[in-house]
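The following note concerns the packing of helices in the structure shown below.

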Amino acid sequence: MNFRSLTRGDGVVIGAAVLLFIASFLDTLDADGGDSDKLPNAWENGNLLLSVYLLGIIAAVLIVVGRALPQQRKVAGLDLGQVGVAFAIASAWSSLGAIFDVDQSYGFFFEAFGGGRAETPDAGVGLILGLIGALVLAAGAIAGLVVPALKAPLMGAPRPAAPGPYGGQPQGGYGYPGAGAGQPQPGSPYGGQPGQPQGGQSFGGQPQPQAGQTPPPAQAQPAGDFSPFWFAVPVPRPLYAEDGSPTPIAELAPGTWYLAVEQRGPGLVAQTQDGRRGVLQDTTGIQRG
């Protein structure tokens with residue numbers, strides 16, 4: 001999983017889930033006439049625990065995992081993130097119902113610690129923080145899909161390492177510029193492009209003119225001349241099959257370097273870490289390595 005693909009909206013979701021987890025251990029009731037040591041928390045009420053706190057935490061996990069996976073997994077035809085958004089909304093709705101109907105939902109607890117049914121119990125700090133956490137969770141899950149500011153990456157894409165001596169590319173694992181022996185490189189080991197002259201010789205097979213000689217006429221570059229290069233995307237971008245199918249075969253995530261192997265109209269043919277190739281149609285704002 002690539003956690004660099006998480007967005008700011010996902011950060012809001014994670015924070016809300018942490019708040020829900022903390023609130024589940026705090027008192028859900030507040031009463032003046034009873035023993036405060038016997039006030040219940042969410043773990044003593046199975047319905048409240050499942051319908052608000054655990055449901056909200058599960059929603060956050062589904063949203064984050066769905067975003068970090070390189071390929072979307074589906075549950076009943078829905079992406080994990082979509083299921084997580086539905087769970088977040090259900091958690092917020094259940095929390096609203098619990099806090100507005102405290103007496104009916106928790107009256108038996110109130111009797112247990114001696115408060116009597118004559119006095120209506122108040123919502124405790126655990127129930128109030130649970131409501132806040134559930135509402136923030138639902139708002140973050142929905143806004144993260146539609147608000148541009150929350151779609152921005154939570155962690156910025158790493159910058160390429162500084163070039164080594166003589167302009168050489170940094171060495172590393174696959175998914176980083178200059179990685180792996182045998183991978184196509186944008187330039188030669190000494191900073192020149194393939195086919196450029198080195199010491200009076202040309203690796204493209206054409207002799208270089210010497211002093212006093214008339215240089216031969218320049219030859220036009222063939223159409224579609226393309227040199228592979230590494231690139232990273234600023235936001236998640238779909239990668240489509242080369243046969244033109246409208247269904248994405250993968251999603252390119254920010255923070256990961258991909259290899260562009262061919263120009264395809266305005267787009268690029270990119271290769272993922274697992275060797276799959278597809279067409280990146282939207283190349284706006286990509287960072288070249």
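How many helices and how many strands does the protein chain have?

1. The chain has six helices and 13 strands. The model under discussion is predicted, and the remarks below should be read accordingly.

2. On the chain as a whole, 36% of the 289 residues count as buried. Among contacts with a separation of 6 or more, 63% are made by residues 24 or more positions apart.

3. The UniProt record, an unreviewed entry, carries the annotation "transmembrane region" for residues 12–29, 49–69, 81–100 and 127–150. Two of these ranges can be set against the model. Residues 49–69 are 95% helix and 0% strand, with the end C-alpha atoms 28 Å apart. Residues 127–150 are 96% helix and 0% strand, and here the end C-alpha atoms are likewise 28 Å apart.

4. Helix α1 (residues 8–23) packs against α2 at an angle of about 155 degrees, the axes being 9 Å apart. Because angles over 145 degrees count as roughly antiparallel, α1 is placed in that class relative to α2. The crossing of this pair is left-handed.

5. The α1 side of that contact consists of D10, V13, I14, A17, L20, F21 and A23, which meet V52, Y53, G56, I57, A60, I63, V64 and R67 of α2. By class, the residues are twelve nonpolar, one polar and two charged.

6. Helix α2 (residues 46–68) also meets helix α5 (residues 125–146): their axes come within 11 Å and cross at roughly 30 degrees. The limit for roughly parallel is an angle under 35 degrees, so α2 is roughly parallel to α5. In this pair, too, α2 passes α5 in a left-handed crossing.

7. In the contact of α2 with α5, the residues contributed by α2 are L48, Y53, G56, A59, A60, I63 and R67, and those contributed by α5 are G126, L127, G130, L137, A141, G144 and L145. These divide into nine nonpolar, four polar and one charged.

Definitions and conventions. Residues numbered from 1 in each chain as written. Predicted model: local features only at pLDDT ≥ 70, side-chain atom pairs only at ≥ 80, totals over all residues. Heavy atoms only, no water. Axes fitted to C-alpha atoms, helices over the stretch in contact; angles between N-to-C directions. Helix = DSSP H or I, 4+ residues; strand = E, 2+ residues; numbered from the N terminus. Parallel < 35°, antiparallel > 145°, perpendicular 65-115°, else oblique. Left-handed = near helix turned anticlockwise from the far one by under 90°. Contact = heavy atoms within 4.5 Å. Nonpolar A, V, L, I, M, F, W, Y, C, P; charged D, E, K, R; others polar. UniProt positions renumbered as here; feature names shortened; annotations may be inferred. Buried < 20%, exposed > 50% of the residue type's maximum accessible area, 1.4 Å probe, protein only.
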